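Visitor: I am new to this structure and would like to learn how to read it. Could you take me through it feature by feature?

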Amino acid sequence: MKQFIKTLFIGLLFIACKQEQQQAQEVANLIITNAKVALMDANRTYAEAIAVKDGKILASGTSEAILALKSDSTQIIDAHGKTVIPGLNDSHLHLTRGGRFFNAELRWDGVKTLKRALEMLKEQAARTPEGQWVRVVGGWSPFQFEEKRFPTPQEINDATGNVPTYILFLYSRAWLNQAGLNILGIDESTVAPKGSSFEKEADGKLTGVLLAEPNPTILYARIGALPPLSEDEMVNGTKQFYRELNSFGITSGIDAGGGGHKFPKDYTGTKLLADNGEMPIRLSYFLFPQNKGSEYAEFQEWMAKNKVGHNGEIHLDHGYELEGGGEFLAWSAGDFENFLAPQPFLEDRPTWREDLKRIIRLHVDNGWPFRIHATYGETIGNMLDVIEEVNQETNGKLTSKRWLFDHAETVKDKELQRIKALNGGIAIQARMAYAGEYFVERYGAEKAKQAPPVRKMIDMGLPVGAGTDGTRVASYNPWPALYWLVSGKTVGGFQLAEPVNQLSREEALHLYTQGSAWISNEETVKGTLENGMFADFAILSDDYFTIPEKEINNLKSVLTVVGGNVVFASGEYQSMSPKIPEVIPNWSPVKYYGGYQNK
């Protein structure tokens, strides 16, 4: 009998311990309640509350059910009926380069009148110290202005005087004021790179306008000639830029490298944050070769010294991951997206095929994913010939790794079928939202209706991720990009896409969350708010799903969470926002204007 009681006691004790362990496991660190939570699962389920434990979604359901998972230490946030979405993931955003230059740049993103843009130029010129420049480096369109036009060289000179100034529009053209021309030593005798020009007046004098026709080297070179910030200023700028992204609900971004941005030298700001565990955003990056003619050697060196893929807890902690090569692989195979100039053709560059094939084969042999910048259907068709050859020569090895095309504005049905057959994907960006009017002027309104043919991509079952191509070709603000996907309109309100090529709000959001997660091979860990997924989400300033369509442009996050930790908060949640250093240097435009001008 005594033995029986002892055995029973031990059994009951064991059961009690197991129950306590289960309860401990089910206690949430963070609960969001009284919300409209879009889980963005396959059934497009909505919930009233979510619970977070150890950086992942623990449960979702009614507020009453989820509050049963709280303890005395659980942080509880009342959303007051606001909408919660999975964190946005920009599948093509130049994050490390954007952070590197952020504090030096005056942003015209979102500015509503040219009058105000010129006032900002004048104000910034007055505070810019000797030895530095006023610079507006992309992210805007003349059609966002009420005046619907570019500034004139005279207006720029009047606003900036003797302070050197550089203004970039996409990778199509740029303006140097007279002081900038003088400092760079550019005059009427200066020879422009092939495929570009210095605009001149009828009397042969320079206007200060630099034209990519369509080669953007003339624009890259001038950006590269501008004085850099110090390392401390670049680290500070990276913090400011990532906070800016968090303020829009961005929790992940996939970095597509960029011209004039060398790895690892120019990645210092982000690398320091990652090493210190201070990343407020999950960042995956691809490597972009800088030296024309030496791309193969660059990739060889990178592959010998670096590994691609996820690194266990490191990925969860700060999300700084090398993914592969691109978006350029070989400069000779580039097709530039300048809709103000004629379409380029690969056939005009005799080495493109050999260069591209050699580099793609190197990626496949080393197990590296890759992405390729390609605007036009003709370019994509030619590149697919090469990709198919590599796949055949490697007995299908290529199809076992992630690879994709970026942009693909005029990709054709036949090419989409070929991409699918090779297990490829596509990352689309909102470039047409910023240059669509010029596309129509050159190629016609009919072609713009399906540029890119995103509905066909989705219906075919192709993996598709969405993004901006910020910070130069478009603004980094994701909401005008989502508005473009839903409405088919540019930032100037011009109708591009036909109704059949416009997406529902749920479809557009899917491309900006789980769709983008496919690009970095992470669709099983992020992109929805299902149980077990990363707790990356945003409480929005208004209801994305029901507000008038045009108001999508004005959405922001009021609270952004990455891995269960609040990384940004405003309004009633302001006290939860992590502290961030003051902007440096003191003359930085960010200190006076911030980034996106949403006023």
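Guide: Gladly, and let us begin with confidence. The model is predicted, and pLDDT is the predictor's confidence in each residue, from 0 to 100. The mean pLDDT of the chain is 94, and 94% of its residues reach 70 or more. Over residues 12-24, however, the pLDDT is below 50, and this stretch has one contact in the model beyond near neighbours in sequence (contact means heavy atoms within 4.5 Å). Residues 311-316 also have a pLDDT below 50, with 10 contacts beyond near neighbours in sequence. Where pLDDT is low, the predicted coordinates should not be read in detail.

Visitor: Which ground rules apply to the rest?

Guide: Residues are numbered from 1 along each chain as its sequence is written, and side-chain values use heavy atoms, with hydrogens and water left out. As this is a predicted model, local features need pLDDT of at least 70 and side-chain atom pairs count only at pLDDT 80 or more, while totals for chains, interfaces and linings use all residues.

Visitor: How do I read strands, and which way do the side chains of β1 point?

Guide: Helices (H or I, at least four residues) and strands (E, at least two) are DSSP runs, numbered from the N terminus. In strand β1 (residues 30-33), L30 and I32 point one way, I31 and T33 point the other way, and all are buried. Buried means under 20% relative accessible area, exposed over 50%, and partly exposed in between (1.4 Å probe, protein chains only).

Visitor: Which strands pair with β1?

Guide: Two strands pair if DSSP finds at least two bridges between them. β1 runs parallel to strand β6 (residues 75-78), joined by four bridges, and L30 stands opposite Q75 in β6. With strand β4 (residues 49-53), β1 pairs in the antiparallel sense over three bridges; there the bridge partner of I32 is I50.

Visitor: In what order do the six strands of the open sheet come?

Guide: The order is β3-β2-β7-β21-β22-β23, with mixed pairing. At the edges are β3 (46-47) and β23 (565-569), each pairing on one side only. Inside this sheet, β2 (residues 36-38) and β7 (residues 83-86) pair in the parallel sense over two bridges, and V37 stands opposite V84 in β7.

Visitor: How should I look at aromatic rings?

Guide: A pair of aromatic rings is described by the distance of the centres and the angle of the planes. Rings of Phe, Tyr and Trp (its six-membered ring) pair if their centres lie within 6.5 Å; planes under 30 degrees apart count as stacked, over 60 as edge-to-face and the rest as tilted. The structure holds 38 aromatic pairs. In one of them, the ring centres of F299 and W302 are 5.3 Å apart and the planes are at 80 degrees, so the pair is edge-to-face. Both residues lie in helix α10 (residues 295-305), three residues apart, about one turn of the helix.

Visitor: Are F299 and W302 buried or exposed?

Guide: F299 counts as buried because its relative accessibility is 0%, and W302 is buried at 7%. Another pair is F328 and W331: the centres are 5.0 Å apart and the planes at 70 degrees, so this one is edge-to-face. F328 and W331 are both buried. Ring pairs also link W108, W140, F143, F145, F150, F169, W175 and Y438 into a cluster.

Visitor: Which ring does the charged end of R127 sit over?

Guide: A charge sits over a ring if NZ of Lys or CZ of Arg is within 6 Å of the ring centre and within 35 degrees of the ring normal. The charged end of R127 sits over the ring of Y592, 3.8 Å from its centre. For K556, the ring is that of F248, with the charged end 5.3 Å from the centre.

Visitor: What should I look for in the backbone?

Guide: Most residues other than glycine have a negative phi, and most peptide bonds are trans. Here a cis peptide bond joins G326 and E327, with omega about 15 degrees, and E327 is in the loop between β16 (320-325) and α12 (352-366). K148, not a glycine, has a positive phi of about 55 degrees. K148 is partly exposed, with a relative accessible area of 41%.
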